[in-house]
Amino acid sequence: MALTFGEAIGRLADRAAARRQSGAKRLRKLADPAAGPALLEALRRETGGPQAWETLYHLVMALGACDHRASVPYLYELARHPFKATMVHTAIGDALVRLDQKDDNSTPILWCLNTGNDQLIDGAFRAMAMLHMVPDDKTIGRILDFLAPRLPEDGLRFWPAVAAAGWQGQPVHAFLTTCAAGSREDVAEAAVSSLTGKYKTYRHL
């Protein structure tokens, strides 16, 4: 039986990492903004404690799902933390793009790009694609310039290839054509779909 909102909140402080994780996963699925403060408090505890990476990942993703924008300063702080599990940085990049919308949706994408952290960047690209974002031309150019030196099979090309279904311009077409000709199946498949202007539906962990 699925956890109620109250039960999920209660599990965030459980001594067992598996129960904390299950609470975070349930709150992520419920996407109730009321969970935001408890999730942020739990994330602070987890970061300063045993740091079960799965729990950290789902806490960060839940903050994004619950649109808890008050967590943005702390997430930027955590983005500089050297987590052993790189998936935590992927979650942070994803959440920052979802939450830091005070100016425009390009700010967190460019910030992640400037860190040079591939995991943060991949998370930012993932949120950009899942939200069907169409950044301004300058930001799209910056993304394409970042990806240009990488091989067509590079995994970091996947989410931009998905997002580009809604983008316009010759450089975008050239990027997708290059990806479509590569040997990595998921990147090529996403690029072919985007070349026809069709978004594909993807589920992320």
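This is a predicted model: local features need pLDDT of at least 70, side-chain atom pairs count only at pLDDT 80 or more; totals for chains, interfaces and linings use all residues.
Start with the overall build. The chain has 12 helices and zero strands.

Next, dimensions. The C-alpha trace spans about 50 × 35 × 30 Å along its principal axes.

As for burial, 46% of the 205 residues count as buried.

Now the surface. The accessible area of the chain is about 9,900 Å². Carbon and sulfur atoms own 54% of that area. On charges, there are 24 positive side chains and 22 negative ones. The centres of those two sets sit 5 Å apart.

First, α6, residues 86–99. It has 14 residues, which at 1.5 Å a residue should span 20 Å. Its end C-alpha atoms are 20 Å apart, so expectation and model agree. Is this helix enclosed or open? It is largely enclosed by the rest of the structure, because 11 of its 14 residues are buried. Here are the buried ones: V88, H89, T90, A91, I92, G93, D94, A95, L96, V97 and L99. Look at the run from V88 to V97 in that list. Residues three or four places apart point the same way, because an α-helix has 3.6 residues a turn. Back to the model. What do the buried residues of α6 pack against? Four helices: α4 (53–65), α5 (72–79), α7 (107–115) and α8 (118–130).

Second, α4. This helix has 13 residues and reaches 18 Å from its first C-alpha to its last. That is close to the 18 Å expected at 1.5 Å a residue. It is mostly covered, with 10 of 13 residues buried. They are T55, L56, Y57, H58, L59, V60, M61, A62, L63 and G64. Their cover includes α2, α3 (36–48), α5, α6 and α8.

Third, α8. Again 13 residues, and again a reach of 18 Å, close to the 18 Å expected. Its buried residues are L120, I121, G123, A124, F125, R126, A127, M128 and A129. Note R126 in that list, an arginine among the buried residues. The cover over the buried residues of α8 includes α4, α5, α6, α7, α9 (137–147) and α10 (158–163).

Now backbone angles. Two residues deserve a look. After α4 comes D67, with a positive phi near 55°. D67 is not a glycine. It lies in the loop between α4 and α5. With a relative accessible area of 38%, D67 is partly exposed. The other residue is H132, in the loop between α8 and α9. H132 also has a positive phi, about 55°, and is not a glycine. Its relative accessibility is 40%, so H132 counts as partly exposed.

Take R15. Where does it sit? In the loop between α1 (5–11) and α2 (17–30). Buried or exposed? R15 is exposed, because its relative accessible area is 83%. R15 and F5 are 10 residues apart in sequence, and their C-alpha atoms are 19 Å apart in space.

Next, C179, in helix α11 (residues 170–180). Its relative accessible area is 0%, so C179 is buried. Which residues does C179 touch, leaving aside neighbours within four places in sequence? R157, V187, A188 and A191. C179 and A190 are 11 residues apart in sequence and 8.5 Å apart in space, C-alpha to C-alpha.

Finally, S193, in helix α12 (residues 185–195). S193 has a relative accessible area of 12%. The cut-off for buried is under 20%, so S193 is buried. Not counting residues up to four places away in sequence, S193 touches K198, Y199 and K200.

To close, two points. The chain is built from 12 helices with zero strands. Of the helices I showed, α6 is largely enclosed, and α4 is mostly covered.

Conventions: Residues are numbered from 1 along each chain as its sequence is written. Side-chain values use heavy atoms; hydrogens and water are left out. Helices (H or I, at least four residues) and strands (E, at least two) are DSSP runs, numbered from the N terminus. Buried means under 20% relative accessible area, exposed over 50%, partly exposed in between (1.4 Å probe, protein chains only). Accessible areas come from the Shrake-Rupley method with a 1.4 Å probe; for residues, only the protein chains shown count as cover. Lys and Arg count as positive and Asp and Glu as negative; His and the chain ends are not counted. The place of a charge is taken as NZ of Lys, CZ of Arg, CG of Asp or CD of Glu. The expected span of a helix is 1.5 Å times one less than its number of residues. Contact means heavy atoms within 4.5 Å.
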